[in-house]
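The following questions and answers concern a single protein model. Please consult the sequence and the structure while reading them.

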Amino acid sequence: MSADATSRFSWHGFQEARLPQVPSWVETLGRAGHIAKGVVYFIVGFLAFRVTIGAGGEVGGSRNAIREIGEQPYGKFLLGLVAIGLLGYTAWRWVQAIKDTEGAGTEAKGLVKRTGYAISGLAYLVLGCYAGSLALGFVGGSSGGNSSGASFLLDSTPGRIILGVAGAVTIGVGIYFMVKGYYAKFMTKYQLAEMGDTFRTTALHAGRIGLITRGIAFAIIGFFLAQSAWQGTANGEIAGMGDALSAIAGQIYGRILLGIVGFGLMAYAVHMFLLGCYRRFNVAS
């Protein structure tokens, strides 16, 4: 009998969700991928927080975090592990989309969610391949120039419309993350019965803070993309997490805001680590 057919544990109004059955290899991919994603976000948040306290360095996005890993002792080995984890997370995202591991269904709302999983998987595929290329020495560690590709869209009206739509969608994703963090439905995906009360409380607060912070960062990215489309200029173009953090740092009280966001992204990393350890998978026996 499936584990999800038994009574479900409840904590503070959060009840363990019913999940479709999956083979054991899906659980392995999911756990490794969540932890690898957590490593990347922790480094992004830590780099931002380090700038805030005047300890040097510069803010940056996911690629900066990957390069930072490569600069540590045994960096190429660590990059290899992170690459494997991120590619595992990619596979997990695509399995979520194809096999409907979350029980989203085939209605419009469910299909939108599953499409989002697939697109997310593509983004982490690119990041995982980048980490793997660095580990194998195929690409250099320098950041290069602005590789967002948004500038060429500003050369035509259709391109600006596409960029504006992308900005609006990114803002919508940011709002979704903030709402998701506020209601904390992610708690239903944990093995609540197997977690101590301290871990449950940590998971709740880390997930809320992390998702809301990530949502704010996405909203900033979307706002500047939409602004670039409206004004027809790429000046101050914001195209990724690192650009969003730099924009925050440039505001009045920027260091304080950057410290808050950096802490929030580290909290999101803790949320990913805990999901890697305690997320529920209805593994078929």
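Q: Which residues is Q191 in contact with, leaving aside its neighbours within four places in sequence?
A: Contact here means heavy atoms within 4.5 Å. The model is predicted, so local features need pLDDT of at least 70 and side-chain atom pairs count only at pLDDT 80 or more, whereas totals for chains, interfaces and linings use all residues. Residues are numbered from 1 along each chain as its sequence is written, and side-chain values use heavy atoms, with hydrogens and water left out. Leaving aside neighbours within four places in sequence, the contacts of Q191 are E16, R31, C277, Y278, R279 and R280.

Q: Is Q191 buried or exposed?
A: Q191 is found in the loop between α5 and α6. Buried means under 20% relative accessible area, exposed over 50%, and partly exposed in between, with a 1.4 Å probe and protein chains only. Because its relative accessibility is 18%, Q191 counts as buried.

Q: How are α5 and α6 oriented to each other?
A: Axes are lines fitted to C-alpha atoms, for helices over the stretch in contact, and angles run from 0 to 180 degrees between N-to-C directions. The axes of helix α5 (residues 157-183) and helix α6 (residues 197-231) come within 7 Å and cross at roughly 165°. Angles under 35 degrees count as roughly parallel, over 145 as roughly antiparallel, 65 to 115 as roughly perpendicular and the rest as oblique. The two helices α5 and α6 are therefore roughly antiparallel.

Q: What is the handedness of the crossing of α5 and α6?
A: A crossing is left-handed if the near helix is turned anticlockwise from the far one by less than a right angle, and right-handed if clockwise. By this criterion, the crossing of α5 and α6 is left-handed.

Q: How do the residues of the contact of α5 with α6 divide?
A: Ala, Val, Leu, Ile, Met, Phe, Trp, Tyr, Cys and Pro count as nonpolar, Asp, Glu, Lys and Arg as charged, and the others, Gly among them, as polar. The contact of α5 with α6 divides into 17 nonpolar, nine polar and four charged residues.

Q: What is the orientation of α1 to α3?
A: The axes of helix α1 (residues 24-52) and α3 come within 7 Å and cross at roughly 125°. That angle makes α1 oblique to α3.

Q: How do the residues of the contact of α1 with α3 divide?
A: Residues in α1, including W25, L29 and V40, meet residues in α3, among them V82, Y89 and W92. The contact of α1 with α3 divides into 13 nonpolar, five polar and one charged.

Q: Which residues in α3 do I66, I69 and G70 in α2 meet?
A: The axes of helix α2 (residues 62-70) and α3 come within 7 Å and cross at roughly 140°, which makes α2 oblique to α3. In this contact, I66, I69 and G70 meet G75, L78, L79, V82 and L86.

Q: How far apart are the end C-alpha atoms of helix α3?
A: The expected span of a helix is 1.5 Å times one less than its number of residues. Helix α3 (residues 75-99) has 25 residues and should therefore span 36 Å. In agreement with that value, its end C-alpha atoms are 35 Å apart.

Q: How many helices and strands are there in the protein chain?
A: Helices (H or I, at least four residues) and strands (E, at least two) are DSSP runs, numbered from the N terminus. Along the sequence, the pattern is β-β-α-α-α-α-α-α-α-α. The protein chain has eight helices and two strands.
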